[in-house]
Amino acid sequence: MRISSSSIQAAELISRAEAAYLGLALGDALGATVEFMTPREIRSQYGVHREIRGGGWLRLKPGTVTDDTTMSLALGEAILASDGRVEPLACAQAFDQWMRRKPVDIGNTVRRNLVAFRRSGEPEAPPSEYDAGNGAAMRVLPVALATLGQGEDAVRAAVRAQSHVTHNNADSDAAAEFLALAVQEGIGGGGLRGVYRRCVRPLVEGHTIFAYRPRRRENPSGWVVETLQAVLQALLDTGSFEECLIDVVNRGGDADTTGAIAGMLAGSIYGRDALPPRWLKALDPAMREACAEQARRLIQAAID
Ligand code: MN
Ligand code: MN
């Protein structure tokens, strides 16, 4: 997508970018309550889980987010400090600093490869067929915003530069690259139809492992393939931001991360006005402002 700096277009891009970033945080906060629960357990405890209420295995205060959002913010700050470029070493250092701040949760692959980075100073993890968790995909949003308007190959390369700090794996790459391009399509106004035609269909045709039909994916694990299957089903079977997020988190499993990924995608597609006011109100105000502000700065950097 080519972007110009016409102020009307810039305002629209910024609004959708904010919606994607707030969507990520809302999905994370909503899903964290039911992370690692089964759909049956969720039903018996909440009926349908549809409010941001905290709790869950992390015993979160209502409105707080987890690693999905805070790693994204750390990555975005590193990109902004590098004048909009995605530099592996700067990303690795930012993630390392993030880990030192004792986050409420952290994935095993992220921890292992950041500990290895501390020892070696090498910001790229070795390739591994086992490192196919969703940890690189969940934090890809700032790369999508910073590279808006660049060619597809450049976007994919920037995605891999951040991903490979912790996840050097072909399935993780395919998912994270897809998400960045799909968010860009959404922010550009392509709608659900555009995202489906130009992003979802090519993904599944090129990487059949991500085929998300016909089986309904419940209890999606942290394996990026199951995560993305659940997200795509929820996105394509619903018609609004709120329905999409409620659908995906009530599947249980890695629900904060499916919520976060569905939230960034659905936010970019449905826009700022589609975000439920009661959820925005429930979100921690400092986090709400940090996400919106970083979205604006990243888009501004992409336009400049
Ligand atoms: Mn998390
Ligand atoms: Mn998770």
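Me: Which helices each supply at least two residues of the lining of the second largest pocket?
Reply: A pocket is read on a 1 Å grid over the protein atoms alone, as an open set of points where a 1.4 Å probe fits, with protein on both sides within 12 Å along at least five of seven lines; a lining residue has an atom within 4 Å of a point. Helices are DSSP runs of H or I with at least four residues, numbered from the N terminus. Here α7 (152–163), α8 (170–187) and α9 (191–206) each give at least two residues to the lining of the second largest pocket. The largest share, six residues, comes from α8. This is a predicted model, in which local features need pLDDT of at least 70 and side-chain atom pairs count only at pLDDT 80 or more, while totals for chains, interfaces and linings use all residues. Residues are numbered from 1 along each chain as its sequence is written, chains are lettered from A and ligands numbered from 1 in the order in which they are written, and side-chain values use heavy atoms, with hydrogens and water left out.

Me: How many residues line the second largest pocket, and which lie nearest its centre?
Reply: The lining has 19 residues, and E152, R156, L181, R198 and C199 lie nearest the centre. A volume is the space filled by probe spheres set on the grid points, which are joined across faces, edges and corners. For the second largest pocket that space is about 340 Å³. For classes, Ala, Val, Leu, Ile, Met, Phe, Trp, Tyr, Cys and Pro count as nonpolar, Asp, Glu, Lys and Arg as charged, and the others, Gly among them, as polar. The lining then divides into nine nonpolar, five polar and five charged residues.

Me: What volume does the largest pocket have?
Reply: Its volume is about 400 Å³. Twenty residues line it, with I106, G107, N108, N134 and D254 closest to its centre. Helices α5 (108–120) and α12 (255–270) each contribute at least two lining residues, and α5 has the largest share, three residues. By class, there are six nonpolar, nine polar and five charged residues in this lining.

Me: Are D67 and D256 buried or exposed?
Reply: Buried means under 20% relative accessible area, exposed over 50%, and partly exposed in between (1.4 Å probe, protein chains only). By this scale D67 and D256 are buried.

Me: How many salt bridges are there?
Reply: The general idea is that side chains of opposite charge can pair when their charged atoms come close. The rule asks for a side-chain nitrogen of Lys or Arg within 4 Å of a carboxyl oxygen of Asp or Glu. The count comes to 20 salt bridges. One of them joins R118 and D96, with the closest N and O atoms 2.5 Å apart. R118 is in helix α5 and D96 in helix α4 (residues 88–100), so distant parts of the chain, 22 residues apart, are linked. R118 counts as partly exposed because its relative accessibility is 37%, whereas D96, at 7%, counts as buried.

Me: Which helices does the salt bridge of E242 and R278 link?
Reply: The closest N and O atoms of E242 and R278 are 3.1 Å apart. E242 sits in helix α11 (residues 241–249) and R278 in helix α13 (residues 277–282), 36 residues apart. E242 is partly exposed at 22% relative accessibility, and R278 is partly exposed at 34%. A network of salt bridges also links E18, R272, E289 and R296.

Me: How many aromatic pairs does the structure hold?
Reply: Rings of Phe, Tyr and Trp (its six-membered ring) pair if their centres lie within 6.5 Å; planes under 30 degrees apart count as stacked, over 60 as edge-to-face and the rest as tilted. There are two aromatic pairs. Among them is the tilted pair of F36 and W57, at 5.4 Å centre to centre and 50° between the planes. F36 lies in the loop between α1 (7–32) and α2 (39–46), and W57 in the loop between α2 and α3, so the pair ties together parts 21 residues apart in sequence. F36 counts as exposed at 54% relative accessibility, while W57, at 48%, counts as partly exposed.
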